[in-house]
Amino acid sequence: MEKEKPFRVGNIYVGRVQSIVKNINAAFVDFGGGMNGYLALEKADGFFFTRQAREGAVTCGDELLVQLSKEPVKTKLPVLDGHINISGRFAVLIHGESGIVFSRKIPRGSFQKELLQEIEQRELLPSQCAMIIRTNAQDAEPEEIFAELAQLNMRYQRLIQIAPYRSCFSCLFQEDHAFLSLIRDYPMDQELQVITDVKEFYEEVTEKLPEISCRFYEDEKLSLTALYSLNTALDQALGRRVWLKSGGYLILEPTEALTVIDVNTGKCLDKIGKEQHLLRTNLEAAREIALQLRLRNYSGIILVDFIDMEKKEHTDELLKCFRYELLRDRVKTVLVDMTRLNLAEVTRKRVYRPLHEAVRELESEEHEKGRASGEEGKR
C-alpha cells in the first residue's frame, strides 16, 4: 500500500533553519520543495552543520544535515532528526552520540563481550558516533557483522565528506523503498521467501538483498492476487471486527487521538469453567492484537479492554503473554501498564501511516483519475 514518494522516511537532506520556537525548544527546517519539518533541539550539540552562523547555537539561516524520521500526519508536519543514522541489517550508526548499545532482545553474555572487543580492535566505530547492535546480529556469523560494520563506516565517511560541498536542500541519501526495508528488517531466525509479480521489485530484491530467497511469479491464467486471495485478506485487515478461534472477537476502532480495542466473549458462558474460558480467550486475544497492530500499522496510544477476570494471577499471566507478543514487533511497542479501569495501555512508535489511511488515499487517487478520464472522454 506504500506508494512511491519523493520524501521517504530515512532520507538525509541538507536543510535550512527557517524559524526557532524557544518555548518548545524546537526549530522548523526547510528540507526541500518548500517542505518544512519539525526538529527538536534537545541535543543540538550532536548536529552536523554545513553552515553555522554562531558556534554552539542554532540560529535562523543555519544549514545542517537532517533525516526524515516520521511522515507528515494530517495537520502535523514531518518530523526530522539532527542525529543522522545509517542502518544496516545488523547495526545502526548514529552521528552525534557515543557508545555501543545492544538491542534489548539480545541477552547479556559472551556474545556482547566478544563483539565489543572485536569492534574496538578493528576500529569499526567512527569518532562522534554511537552504534546500535540490532536483534538480527545474534543469529549472524561474526564476519558477516564485521563486514557490514565496515560498509556502514564507509558510507558514513563518504556522507560527511561530501556534505559540506552540497547545496542546500540536496538529498544526500535516498532510503530504499518501504518493501525493501521491511524485508531487510525481517527476523533472521524465521524463514522468509519473497514472491512478487513486479519485475522491478524482483530485480531490486535480488540485487540489494541477495541472501533472501526471492521468486518472480508469472502466470497469465492466475494472478498472484487471486492465488493468495489478497483482496479477501485486505478486506479482513480493514474490517472493524476480528473473530477468534475461541468464539470471541475483537472490535478495533482507530480514532484521531488513539486506537481502542475491545475484547468480547462472543457468547454467553456458564459459571462452570468460566474463569478458565475467560483467561483462554484473553490470551488468544493478546496474541491476535499484537499481530493486528503490525498488520494494520496502528501507532500512538492504544487502549485494550480485555475481558475482566476475578483472579489477579490470571491478569498477571495475561500481561506477561501480551508483553511477550509485543516484543516480536520490529517497531518499538511498549505495554505501559493496566490502568485503574482495567484497560491495557500500549504505545507504538509511528513510522509509516496506518493501513486504512494508505488504502483510503489510494482509493481517492483512483477515483480522481477515473473522474478525470471520464471528463476527458466527454470532451
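Guide: Axes here are lines fitted to C-alpha atoms, for helices over the stretch in contact, and angles run from 0 to 180 degrees between N-to-C directions. Contact means heavy atoms within 4.5 Å. Helices (H or I, at least four residues) and strands (E, at least two) are DSSP runs, numbered from the N terminus.

The model is predicted: local features need pLDDT of at least 70, side-chain atom pairs count only at pLDDT 80 or more, and totals for chains, interfaces and linings use all residues. Residues are numbered from 1 along each chain as its sequence is written, and side-chain values use heavy atoms, with hydrogens and water left out.

Take the open sheet of four strands. Its order is S7-S8-S10-S9, with mixed pairing. Strands S7 (85-87) and S9 (99-102) are the edges; each has a single partner strand, so one side of each lacks a neighbour in the sheet. On average, neighbouring strands are turned by 15 degrees against each other, direction ignored. Two strands count as paired if DSSP finds at least two bridges between them. Strands of a sheet pair through backbone hydrogen bonds, either parallel or antiparallel.

Look at S9 and S10 (residues 129-133). They run parallel and are joined by four bridges. Gly 99 has Ala 130 in S10 as its bridge partner.

Now the helices. H1 (residues 110-121) lies across S9 and S10, at about 150 degrees to S9. H2 (residues 142-162) also packs on the sheet, touching S7, S8 (91-95) and S10. The direction of H2 makes about 25 degrees with that of S8.

Next, the cores. A nonpolar core is a set of buried Ala, Val, Leu, Ile, Met, Phe, Trp, Tyr and Cys residues joined through side-chain atoms within 4.5 Å. Buried means under 20% relative accessible area, exposed over 50%, partly exposed in between (1.4 Å probe, protein chains only). The largest core has 29 residues; Leu 250, Val 263, Ile 289, Val 304, Phe 306 and Phe 322 touch the most other members. Several elements supply at least two residues each, among them S15 (249-254), S16 (259-264), S17 (300-305) and H8 (312-326). Helix H7 gives the most, eight residues. Setting aside residues up to four places away in sequence, Val 304 touches Ile 261, Val 263, Ile 289, Phe 322, Asn 342, Leu 343 and Ala 344. A second, separate core of 27 residues includes Ile 119, Cys 129, Ile 133 and Ala 163.

S15 and S16 are antiparallel over six bridges, with a hairpin of four residues joining them. Leu 252 stands opposite Ile 261 in S16. S16 and S17 are parallel over four bridges, and Thr 259 stands opposite Ile 302 in S17.

Helix H8 also holds His 314. At 7% relative accessible area, His 314 is buried. Beyond neighbours within four places in sequence, His 314 is in contact with Glu 275, Gln 276, Leu 279 and Met 309. Ala 233, in helix H6 (residues 230-238), has 37% relative accessibility and so counts as partly exposed.

Finally, the whole chain. It has nine helices and 19 strands. Of its 379 residues, 41% are buried. Its C-alpha atoms fill a box of roughly 75 × 70 × 50 Å along the principal axes. Of the contacts with a separation of 6 or more, 62% are between residues 24 or more positions apart.
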